[in-house]
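Here is a short briefing for a reader new to this structure. Look over the sequence and the model, then read on.

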Amino acid sequence: MADGGTLYIDRVALRTEVGATAGFPGLIGELTCDEFGDCGTGRVNIYHHTDTSIVDPAQLPVVYRFEP
């Protein structure tokens, strides 16, 4: 709801939508949120990127991977 240039977002509605987020195509992979509102892939890769002509991270070597 907007009121004079201020946007108000219903807290319960926001919480409901975040909790319902599943399979969202995010920047670091597909995102799904849990019941606590934590969203993420659960995985982090660190790449060694020295060639600026490569724009697809899948073509880069992974130097570290964290998967909880």
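Val 18 is partly exposed, because its relative accessible area is 25%. Here buried means under 20% relative accessible area, exposed over 50%, and partly exposed in between, with a 1.4 Å probe and protein chains only. The model is predicted: local features need pLDDT of at least 70, side-chain atom pairs count only at pLDDT 80 or more, and totals for chains, interfaces and linings use all residues. Residues are numbered from 1 along each chain as its sequence is written, and side-chain values use heavy atoms, with hydrogens and water left out.

**Helix 1**

- Val 18 lies in helix 1, which spans residues 11–19. (Helices, H or I with at least four residues, and strands, E with at least two, are DSSP runs numbered from the N terminus.)
- Val 18 and Thr 6 are 12 residues apart along the chain, and their C-alpha atoms are separated by 22 Å.
- Helix 1 also holds Glu 17.
- Glu 17 has a relative accessible area of 56%, so this residue is exposed.
- From Glu 17 to Cys 33 the sequence separation is 16 residues, and the C-alpha to C-alpha distance is 9.6 Å.

**The largest pocket**

- The largest pocket holds about 200 Å³ of space. (A pocket is an open set of points on a 1 Å grid over the protein atoms alone, where a 1.4 Å probe fits, with protein on both sides within 12 Å along at least five of seven lines; lining residues have an atom within 4 Å of a point.)
- Its lining is formed by Leu 27, Ile 28, Gly 29, Arg 43, Val 44, Asn 45, Tyr 47 and Pro 57.
- Strand 6 (residues 44–47) gives the largest share of that lining, three residues.
- Five lining residues are nonpolar, two are polar and one is charged.

**The nonpolar patch**

- Val 44, Ile 46, Val 63, Tyr 64 and Phe 66 make a nonpolar patch on the surface, with about 480 Å² of accessible area together. (Patch residues have over 30% relative accessible area and no salt bridge; nonpolar side chains are joined within 5 Å. A salt bridge is a side-chain nitrogen of Lys or Arg within 4 Å of a carboxyl oxygen of Asp or Glu.)
- Strand 6 and strand 7 (62–66) each give two or more residues to this patch.
- Strand 7 gives the largest share, three residues.
- Tyr 64 lies in strand 7.
- Tyr 64 counts as partly exposed because its relative accessibility is 47%.

- Pro 61 sits in the loop between strand 6 and strand 7.
- Pro 61 has 47% relative accessibility, so this residue counts as partly exposed.
- Pro 61 and Ala 22 are 39 residues apart in sequence and 28 Å apart in space, C-alpha to C-alpha.

Conventions
Points joined across faces, edges and corners; volume = space filled by probe spheres on them. Nonpolar A, V, L, I, M, F, W, Y, C, P; charged D, E, K, R; others polar. Patch = residues over 30% accessible without salt bridge, like charges linked within 9 Å, V, L, I, M, F, W, Y side chains within 5 Å. Areas by Shrake-Rupley, 256 points an atom, 1.4 Å probe, with all protein chains shown as cover.
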